[in-house]
Amino acid sequence: MHNDVNFSLAKLSKQSVVSLRCPRRMCSHRDMDRTHVKTEEADKEKTEEDVVRLRREIGLLPAVCFIIGTVVGSGIFIAPKGVLMNSGSVGLSLLVWALCGVLSMFGALCYAELGTTFKKSGGHYTYLLETLGPLPAFLRLWAEFLFIRPAVASYVSLAFGRYVVEPFFVPCAAPTVLIKLVSILGLTFVVAVNCWSVTTASRTQVTLTFIKMFALVLIIIPGVIALAKGQTENFQNGFEVDLLTLDKLPLAFYNGLYAYGGWFYLNFVTEEVINPNRNIPLAITFSMVTVTVFYVLVNVAYYTMMTPTELLVSDAVAVTFANRALQGLASVIPFLVALSCLGALNGGFFGAPRMLFVGAREGHWPPVFSMIHIRRHTPMPAVLLLYPLVIVMLIRGEIYQLINFASFARWFFIALATLGLLIHRYRFPHHPRPFKMPLAIAVIFTVVCFFIVGLSLYSDPWNTGQSFALTLTGVPVYYVTIYRFRLPNRCSRIFNYCSKQLQILLEVAQQEVQTY
């Protein structure tokens, strides 16, 4: 045990290693040169596997699968009902799905430029820090781990548990306790994979992405065949606007954008992407075009086989579709949707902890969260922090309201990040930008984001007010613990002792080389 502790502590600092190599007596210049040569030779002999750092292991295919696998979760199987309900017609709902894809593509292109301009991982946090300063960046970090990430992860986990359990209890209601237990098991599996290995998590994401794309193809093919046979009754008078009201139309976009959410996750792991200047723009463009085409075709298949009324009364559109169009495979669809949710959960746990990791590295979070496992090379403390937060929210079950106002904070900070992009372009016009998109795209996306945020303040002031208040609780925390450290010395000593013990327990250390 003492040997393990000494080894872990030795990994923390190169100075400690050098001090063990160098004798305490006075050395001649020749001895010093000889010692310096031996030190360099020892460093050269240190293999790539021994260096404690995050590795660039995400190529183009894993990057594409990472984005698609995170975007395609439970949304496309549930959200069509919300889009149709608030748009009022089949044709307009399909237009909303297409426009949501275009808007998400604009946002993804903005983040492609940000990701190639600033080579650090961390996504929103890094871009706010580099363009607007430390306070907005800290508030984004604070909101992410106070309520945004736990709420989103809890929602997806419960969706996974529900689709696994409910088929065994049809037509009765499934026990809530069993749903939550299965949700926790799925969550535990994802956390274990992301703590174990970056490569394993990446391969898991690739596998789950192909499974969920197979599920979408399984829906699209019967719809296209029926459409080719002339089954177009539900598309007659597709743009009737009798049921459309302008106050409901933004809610249709909210539902659509929720299904497209996740296009920014690759930017959380920039330092682990091979050749990011090439692969980030390519992965973002290909994946978002693919998702948009698939989403529109899936909705066309829904409307081909189901009337708008049938779709509106369904709580699980994909399952209802399978019962009608894929009767022999109807029992398989819930399982495929569950795996789709698991893929989205895996993508979230792969990306979001990197934001915490970078925040700790920048001094905005306790230093232990900027450490990685000395053998697994994963940011284990950052991943493990999320686990109890999500478990608590799962057990309490009060997540649906949190989802509503978590969206406000998410879109507000996305708007700030793209605004920061515009400001940075103005202030530093000659800064190297390997990927540069048209200015009009950034302006349109930023204006639309602020419009969404402003409209939510009008349509749902209670939830958005709570979100705003929770975000602002980070301001005093920032000024007390970061801007001017004012905690008593006794608290600092206790905190440092706990951090040291946690570091030894988890076998984690700071990176030995800079990865950006």
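I started with Tyr111 and Trp263, and both are buried (under 20% relative accessible area, with exposed over 50% and partly exposed in between; 1.4 Å probe, protein chains only). This is a predicted model, where local features need pLDDT of at least 70 and side-chain atom pairs pLDDT 80 or more, while totals for chains, interfaces and linings use all residues. Residues are numbered from 1 along each chain as its sequence is written, and side-chain values use heavy atoms, with hydrogens and water left out.

Next I searched the whole structure for aromatic pairs and got 21. Rings of Phe, Tyr and Trp (its six-membered ring) pair if their centres lie within 6.5 Å; planes under 30 degrees apart are stacked, over 60 edge-to-face, the rest tilted. The Tyr111 and Trp263 ring centres are 5.3 Å apart with planes at 85°, so I logged the pair as edge-to-face. Tyr111 is in helix α7 and Trp263 in the loop between α12 and α13, so the pair ties together parts 152 residues apart in sequence. Helices are DSSP runs (H or I, at least four residues), strands likewise (E, at least two), numbered from the N terminus.

Then I checked Phe408 and Phe412: centres 6.1 Å apart, planes at 10°, so they are stacked. Both lie in helix α18 (residues 400–427), four residues apart, about one turn of the helix. Phe408 is buried at 7% relative accessibility, whereas Phe412 is partly exposed at 25%.

Last, I looked for charges over rings (NZ of Lys or CZ of Arg within 6 Å of the ring centre and within 35 degrees of the ring normal). Arg376 has its charged end over the ring of Trp196, 3.4 Å from the centre. Arg354 lies over the face of Phe350, 4.5 Å from the ring centre.
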